[in-house]
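Subject: The structure, and what turned up in it

Hi,

Here is the structure for you to open alongside this note. Have a look at it first, then read on.

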Amino acid sequence: MNLNMMQRDFRRWLTTADAGAAHRLSDERRGLDVYQNNYRVQLVGCLEATYPHLRTFIGDAAFRHAAAVHIQRNPPRAWTLDAYGAGFEATLHSIFPDNPDLHELAWIEWS
């Protein structure tokens, strides 16, 4: 396995928990779980920093649920995590379709 293939598999493991990628990377999958957990915790932290009022408004549990859904559907695509909050409003639309206050608050905080 060359470095490029290893990096692709590692990204695939981090973003989708692809079992095939994990197997190619390591026979000891438990070690990879640490990286995936840290990756997701950092992305939740980015969303918390970007949307503090939204988090307060909907509560920690609902915010963490929305963040987990967003992370699963939207891996980072920019070179900086400052841009990671883009599209969170759309995630909220899908989870809470009948709560326009959340959508507006997310839009305001992102703006």
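Below is what was found, from the overall fold down to single side chains.

A word on the ground rules: this is a predicted model, in which local features need pLDDT of at least 70 and side-chain atom pairs count only at pLDDT 80 or more, while totals for chains, interfaces and linings use all residues. Residues are numbered from 1 along each chain as its sequence is written, and side-chain values use heavy atoms, with hydrogens and water left out.

**Overall picture**

The protein has seven helices and zero strands (DSSP runs numbered from the N terminus: H or I of at least four residues for helices, E of at least two for strands). Its C-alpha trace spans about 50 × 25 × 20 Å along the principal axes. Of its 111 residues, 31% count as buried (under 20% relative accessible area; exposed is over 50%, partly exposed lies in between, with a 1.4 Å probe and protein chains only). Among contacts between residues at least 6 apart in sequence, 47% join residues at least 24 apart, where contact means heavy atoms within 4.5 Å.

**The aromatic cluster**

Ring pairs link Y51, F63, F88 and W110 into a cluster. Rings of Phe, Tyr and Trp (its six-membered ring) pair if their centres lie within 6.5 Å; planes under 30 degrees apart are stacked, over 60 edge-to-face, and the rest tilted. The whole structure holds four aromatic pairs. In one of them, the ring centres of Y51 and F88 are 5.1 Å apart and the planes are at 40°, so this pair is tilted. Y51 sits in the loop between α3 (29-50) and α4 (52-58) and F88 in helix α6, 37 residues apart, so the pair links distant parts of the chain. Both Y51 and F88 are buried.

F63 and F88 form an edge-to-face pair, with 5.7 Å from centre to centre and 65° between the planes. This pair also links distant parts of the chain, with F63 in helix α5 (residues 60-73) and F88 in helix α6, 25 residues apart. F63 has a relative accessible area of 0%, and F88 has a value of 0% as well.

Where on α6 do the buried residues lie? In this helix (residues 88-95) they are F88, T91 and L92. They cover an arc of only 100° around the axis, which puts them on the same side of α6; the arc is that of the directions from the helix axis to the C-beta atoms.

**Salt bridges**

A search of the whole structure finds four salt bridges (a side-chain nitrogen of Lys or Arg within 4 Å of a carboxyl oxygen of Asp or Glu). D9, R12 and R24 are linked in a network of them. Between R12 and D9 the closest N and O atoms are 3.0 Å apart; these two are three residues apart in helix α1, and therefore separated by about one helical turn. D9 also bridges to R24 at 2.8 Å, which connects helix α1 to helix α2 (residues 19-25) across 15 residues of sequence. D9 is buried, with a relative accessible area of 5%, whereas R12 is partly exposed at 34% and R24 is partly exposed at 43%.

Elsewhere, R55 and E48 meet in a salt bridge of 3.9 Å, N to O. R55 is partly exposed at 28%, as is E48 at 23%.

Happy browsing!
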